[in-house]
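Dear colleague,

My findings follow directly after them.

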Amino acid sequence: MEAAGGGGGLGTMRALLAILQWWGFNVTVIIINKWIFQKLDFKFPLTVSCVHFICSSIGAYVAIHVLRAKPLIQVEPEDRWRRIFPMSFVFCMNIVLGNVSLRYIPVSFMQTIKSFTPATTVILQWLVWSKHFEWRIWASLVPIVGGILLTSMTELSFNMFGFCAAMVGCLATSTKTILAESLLHGYKFDSINTVYYMAPFATMILALPAMLLEGGGVIDWFYTHDSIVSSLVIILGSGVLAFCLNFSIFYVIHSTTAVTFNVAGNLKVAVAVLVSWLIFRNPISSMNAIGCAITLVGCTFYGYVRHLISQQQAAAPGSPRTNSPGSRVEMLPLVGDMQDKV
């Protein structure tokens with residue numbers, strides 16, 4: 001990840017603006033999605049996800065072909081099915097499970113569980129891919145796991161289905177990050193090109209299940225809900241904002257350093273939790289708040305440890321910059337730059 005370009009104050013101002021607009025889009029998308037499920041009584045997460053994918057497909061096409069915000073990365077036709085399609089399936093599951101969990105549990109609890117992703121990424125690579133990491137990586141996961149356990153045990157609005165959806169969503173996010181290392185090898189995708197190729201596949205994957213499982217309920221909602229026009233504007237608006245979130249991630253990645261991105265990402269979770277509580281007033285106990293804080297501090301510490309090991313690895317003469325397949329100790333677990341798309 002590149003450091004912010006520009007000198008001194010200009011670079012700092014650019015990074016600050018990038019972070020603020022990223023926070024704004026991310027928190028707004030989360031709050032609107034929760035509003036759709038809770039206030040509009042539109043309890044159809046598959047349909048909402050499908051709307052997001054359609055809007056993102058259109059938005060990515062406009063950004064690349066009309067606005068020319070980013071050049072199109074050419075992908076061989078066979079690679080679209082052999083590489084992009086499997087990634088799109090996991091990408092689809094990640095977004096859907098996030099929206100399903102948001103349907104059943106408060107934003108504060110859902111965002112805290114999403115912070116478990118670094119731990120699931122490390123554990124998956126260890127269990128499934130037999131990779132080994134040094135003790136500092138494992139030690140940095142202790143506060144994350146402890147914070148999640150405390151938050152889950154003290155959550156006043158706990159729902160098992162929503163909790164399981166959020167946890168499986170973490171696994172999907174980790175799987176996407178790990179698969180990207182092998183399936184997308186040789187392609188340097190940014191967030192806009194990622195959406196350009198994956199969102200149409202995700203729409204195709206989800207359209208039929210959404211119609212079969214939620215089609216009847218959506219039709220009933222159309223006939224029984226008041227203020228249909230304003231509600232549809234909100235639902236479609238959430239899809240537009242979901243694409244804008246992807247665009248904002250592209251901007252913030254290229255305007256900040258890795259450390260700043262990590263800290264800003266964890267502070268963003270705190271902002272989302274605070275804003276959601278101010279709007280929805282879901283009950284949060286003191287121990288639950290402490291568990292959430294421990295988790296976020298743990299995520300920040302984990303990011304710091306990764307950065308520290310990365311710096312040491314780069315400075316050591318003759319040491320490899322990336323994980324070598326034959327080595328017993330993998331210095332750094334894989335990590336995704338876009339783990340928080342809703």
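**Findings**

Tyr61 is located in helix 2, which covers residues 45–66. The coordinates come from a predicted model. Tyr61 has a relative accessible area of 45%, so this residue is classed as partly exposed. Together with Ile54, Ile58, Val62, Val66 and Leu67, Tyr61 makes a nonpolar surface patch of about 570 Å².

The unreviewed UniProt entry annotates several spans as "transmembrane region", among them 44–64, 160–183 and 232–252. In the model, residues 160–183 are 100% helix and 0% strand, with 33 Å between the end C-alpha atoms. Residues 232–252 are likewise 100% helix and 0% strand, and their end C-alpha atoms lie 30 Å apart.

Helix 6 comprises 20 residues, 135–154. From its first C-alpha to its last, helix 6 reaches 29 Å, close to the 28 Å expected at 1.5 Å a residue. The buried residues of helix 6 include Arg136, Ile137, Ser140, Leu141, Ile144, Gly147 and Ile148. An α-helix has 3.6 residues a turn, so residues three or four places apart point the same way. Among the elements that cover the buried residues of helix 6 are helix 4 (107–114), helix 5 (117–127), helix 7 and helix 11 (286–315).

Finally, the loop between helix 7 (160–183) and helix 8 (191–224) contains Gly186. Gly186 counts as exposed because its relative accessibility is 69%, and the cut-off for that class is over 50%. Its C-alpha atom is separated by 29 Å from that of Ala15, which is 171 residues away along the chain.

Yours sincerely

Definitions and conventions: Residues numbered from 1 in each chain as written. Predicted model: local features only at pLDDT ≥ 70, side-chain atom pairs only at ≥ 80, totals over all residues. Heavy atoms only, no water. Helix = DSSP H or I, 4+ residues; strand = E, 2+ residues; numbered from the N terminus. Buried < 20%, exposed > 50% of the residue type's maximum accessible area, 1.4 Å probe, protein only. Patch = residues over 30% accessible without salt bridge, like charges linked within 9 Å, V, L, I, M, F, W, Y side chains within 5 Å. Areas by Shrake-Rupley, 256 points an atom, 1.4 Å probe, with all protein chains shown as cover. Salt bridge = Lys/Arg side-chain N within 4 Å of Asp/Glu carboxyl O. UniProt positions renumbered as here; feature names shortened; annotations may be inferred. Expected span 1.5 Å × (residues − 1). Contact = heavy atoms within 4.5 Å.
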